[in-house]
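Visitor: Hi, I'm new to this one. Can you walk me through it?

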Amino acid sequence: MKSLNLLSESLIQKITGEKSLPETKFFINEMKTIGIEKLPYGYASLRRFIDPETMKFHYQKHYKGYVNKLNSALRKKEYGDVELEKIVKQISKYNTTIRNNAGGAFNHALFWKMLSPTPQKPTGEILDKIKKDFGSYREFKERFESVAKKRFGSGWVWLVITKGGRLKVMSTQNQDNPLMNIFDKGGFPVLGLDLWEHAYYLKYQNKRDEYIQNFWDAINWKFVNELFLSKTKKEETITESFMINEQKESYTPIGKAIQNYMFILSNNKNLLWTFRKCIDSVLSDVYGENYYEKGEYAPGEMSGVYDIDGIKGRSVLNKLNTNIIGFVILLHDINKAVVKMGEPEITLVGKTPKEQINEVYRFCNYIKKYKNRIFPSSNTLTNIMNILTKTHNKGESNESFVNTLLKKKLGDENVKTVGKLGSEQDMSGGVDIILTIDGVDKTGQVKPIYSITQSEGEYVIKIKGFVKDYKTDLLIFTDNKKVYVFDNKNVDASGDHFKIPSDNLIYELV
Ligand code: MN
């Protein structure tokens, strides 16, 4: 049984290997290093605006310098897998070196694309919006120029979409960017002009105003408009009803789905792993400053969301990535939107392993798409939080029940609890508890169970979470009436339940 499962898992991995899936692209935005943006034209192409020598130095030395220094600063900090835009958005978490170089890398990557070798007239939705928010294109131009001219020393001038959806002109110093979370009233920059001397000095020397004037004929309005659209385009109009409206809505269909999904996800760990990565990435996107990398919140703490909803410390929300009911509620609600848009419902039931992984990718793409409708507040999230909190509290009460019985049996000093909610030991599938039995320390995992039955020399145990291999010395189960302590040897955890040889039972406590 076990070897068959291993075989099928390795087959699934072969079938779903990275290259065969276009959807894997979705996860590749976590790069190892920040890449260099290609210059979309030659150094001499912008001659009317900027001379080739300046372009070459600007691109080869200044821009690449920012990227290289950023990568080496990130390596030193062991910040590793990161996305440039994400760093910029969460810049308050980083030091000045990273702030300057991430800004430099991001600003220039945008700037190159905002320039065009051939003059373009402003057009499209961005022009309409400019007229609406500034009165006219001329008034916008005047505003942009006057803010640019007032910038003292090095910096940038930007046209920004604020969080409220309005356009405004603002200037930042050094390599700061309006997207950085150090600005209360920033936003996403759709147009920017580099006001550093290195950007214009060879051609214009001290005549910076002339450089600013000439900028207007070098703007790639097509790109600016596309960028504007990508940042403002309304998500497909779907009514609020896509979220569960009534908190008390019957969960009957969800109840059935839970059984199905528990089975499917337990039998193909790839699916769950993909979902976990997806949730982690969305939480870090949405919660920004409240999302901490490993060890960042406090030494030994796992990465995740902390200090939200007025509760200090690690949020139960982090458990969404492994909670089956959370998975099903999210799927149920997202399917309401999927169906409204005329697409087939996302489901893993009755599908081949390859189709299942594709469905999980589709699910994840939708979670990403609707992340801002779901988090940080929606009926869907309220329902999920209720479940996660309940599960968590149940876990705590189970744990204290287990502790009480074990202490009665072994003595207070021989029972030590280790894994707190999401602590390193707990999350790494590690250790909940350490028991000292006959003078020997033994590590243990504690699991609440649905059912325990004994037949043909083995116990069959169904638990309330996902079944997986644990490396602890002991497996400890409770149904809140009894506590079972098993030796963790020759345990079959390959299906959706544990199979444990009867001889492994060390204690059965009441
Ligand atoms: Mn520059």
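Here is a short chat about the metal site, the confidence and some ring pairs.

Guide: This is a predicted model, where local features need pLDDT of at least 70, side-chain atom pairs count only at pLDDT 80 or more, and totals for chains, interfaces and linings use all residues. Residues are numbered from 1 along each chain as its sequence is written, and side-chain values use heavy atoms, without hydrogens and water.

Visitor: What coordinates the manganese ion?

Guide: His-58 (NE2), His-108 (NE2), Asp-194 (OD) and His-198 (NE2) do, at 2.0 to 2.2 Å. Donors are N, O and S atoms within 2.8 Å of the metal (3.2 Å for Na, K and Ca); water is not among the atoms, so sites may look incomplete.

Visitor: Is His-58 buried or exposed?

Guide: Buried, with a relative accessible area of 1%. Buried means under 20%, exposed over 50%, partly exposed in between (1.4 Å probe, protein chains only). His-198 is also buried, at 17%.

Visitor: New topic. What does the chain average in pLDDT?

Guide: 84, and 86% of the residues score at least 70. pLDDT is the predictor's confidence in each residue, from 0 to 100. Over residues 1-31 it stays under 50. Where pLDDT is low, the predicted coordinates should not be read in detail.

Visitor: How many aromatic pairs are there?

Guide: The whole structure has 32. Rings of Phe, Tyr and Trp (its six-membered ring) pair if their centres lie within 6.5 Å; planes under 30 degrees apart are stacked, over 60 edge-to-face, the rest tilted.

Visitor: How do Tyr-261 and Phe-327 pair?

Guide: Their centres are 5.5 Å apart and their planes at 45°, so the pair is tilted. Tyr-261 is buried at 4%, and Phe-327 is buried at 2%.

Definitions and conventions. Contact = heavy atoms within 4.5 Å.
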